[in-house]
Amino acid sequence: DFSFSALPGGTGGGGDIVATVSITGTPIDSVNSATSLSALDRKIFRLGAQVALDAVGYYTSGALKNTGANPPAVGAETTYTVGWILSNTTNAVGNGVVKGILPRGIEWAGETAPKEEVVIYNQSSREVTWRVGTLKKNPSDTIRRQAFFKIKIKPTITDLGTVPILLTQSTFTGTDSYTTSGIRITEDPVIVKLIEGSGDGKVTR
């Protein structure tokens with residue numbers, strides 16, 4: 001026999017899966033006797049946190065207002081908003097941090113949202129950091145933890161016809177509070193052509 005059962009989780013949202021295997025049989029050399037054997041094994045598997053990270057670019061929508069040409073034009077400044085969205089469907093995650101780097105030609109505009117989220121910029125390393133802290137389980141199917149920051153771009157003639165990258169690969173790291181395992185998730189770069197209203201995303205004159 002083989003069976004699964006679930007143990008309820010604690011306040012952090014964790015849970016266990018219990019697998020039980022029971023084997024009963026008669027040895028080949030005991031066919032004509034009453035000898036029989038049985039064995040029972042039980043394993044407990046801890047369920048890890050299920051975290052997802054999205055990195056999204058915005059122009060007309062999003063938490064911050066943007067200005068300038070979209071797609072960007074040579075010699076003119078355009079601002080965009082980058083949003084990080086975190087989803088967690090199980091255990092709470094501690095020491096959460098999201099990081100990404102602004103490529104050359106992309107500048108920090110100094111605006112972030114919402115106020116309760118800590119998003120900072122290191123000018124020397126060009127790294128943007130969201131100090132998430134504890135990432136709790138989603139309170140509902142439609143509510144996610146989010147942070148937004150504004151960047152700006154002023155293309156030169158050498159950028160004409162290219163598709164700007166606004167943010168390099170994003171990375172989330174943290175520690176599962178139930179299993180104590182480390183978590184690391186990456187998300188693709190944010191590029192202009194994926195932003196609403198930007199067409200092919202190429203820099204124009």
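**Figure 1. Contacts across the chain of the predicted model.** Of the contacts in the chain with a separation of 6 or more, 70% are accounted for by residues 24 or more positions apart; a contact means heavy atoms within 4.5 Å. The structure is a predicted model, in which local features need pLDDT of at least 70, side-chain atom pairs count only at pLDDT 80 or more, and totals for chains, interfaces and linings use all residues. Residues are numbered from 1 along each chain as its sequence is written, and side-chain values use heavy atoms, with hydrogens and water left out. The chain holds zero helices and 14 strands. Both kinds of element are DSSP runs numbered from the N terminus, helices being H or I with at least four residues and strands being E with at least two. Buried residues make up 38% of the 205 residues in the chain, where buried means under 20% relative accessible area, exposed means over 50%, and partly exposed lies in between (1.4 Å probe, protein chains only). The accessible surface comes to about 11600 Å², and 52% of this surface belongs to carbon and sulfur atoms; such areas come from the Shrake-Rupley method with a 1.4 Å probe, and for residues only the protein chains shown count as cover.

**Figure 2. The open sheet of four strands.** Strands of a sheet pair through backbone hydrogen bonds, either parallel or antiparallel. In this sheet the order is E4-E5-E10-E7, with antiparallel pairing; two strands are said to pair if DSSP finds at least two bridges between them. Strand E4 (51–58) and E7 stand at the edges with a single partner strand each, so one side of each is left without a neighbour in the sheet. Neighbouring strands are turned by 25° against each other on average, direction ignored. For such angles, axes are lines fitted to C-alpha atoms (for helices over the stretch in contact), and angles run from 0 to 180 degrees between N-to-C directions. E4 and E5 are joined in the antiparallel sense over eight bridges, and Val-56 stands opposite Gly-83 in E5.

Figure 3. Ile-85 lies in strand E5 (residues 78–88). Is this residue buried or exposed? With a relative accessible area of 16%, Ile-85 is buried. Leaving aside residues up to four places away in sequence, Ile-85 touches Ala-52, Leu-53, Asp-54, Val-56, Tyr-58, Arg-144, Arg-145 and Gln-146. Asp-54 and Ile-85 are 31 residues apart in sequence, yet their C-alpha atoms are 5.1 Å apart in space.

Figure 4. Side chains of opposite charge can pair when their charged atoms come close. A salt bridge is counted where a side-chain nitrogen of Lys or Arg is within 4 Å of a carboxyl oxygen of Asp or Glu, and by this rule there are four salt bridges. In one of them, Lys-150 pairs with Glu-111, the closest N and O atoms being 3.1 Å apart. This pair links distant parts of the chain, with Lys-150 in strand E10 (residues 145–153) and Glu-111 in strand E7, 39 residues apart. Lys-150 is buried at a relative accessible area of 8%, whereas Glu-111 counts as partly exposed at 38%.

**Figure 5. The salt bridge between Arg-126 and Glu-107.** The side chains of Arg-126 and Glu-107 meet in a salt bridge of 4.0 Å, N to O. Arg-126 is in the loop between strand E8 (118–122) and E9, and Glu-107 is in strand E7 (residues 106–113); the two are 19 residues apart. Arg-126 is buried, with a relative accessible area of 8%. Glu-107 is partly exposed, with a value of 36%.

Figure 6. Strand E12 (residues 170–176) and E13 pair over six bridges in the antiparallel sense, and Gly-174 stands opposite Ile-183 in E13. Glu-127 forms a salt bridge with Lys-99, with the closest N and O atoms 4.0 Å apart. Glu-127 belongs to strand E9 (residues 127–135) and Lys-99 to strand E6 (residues 93–101), 28 residues apart. Glu-127 is partly exposed at a relative accessible area of 24%, and Lys-99 is partly exposed at 36%.
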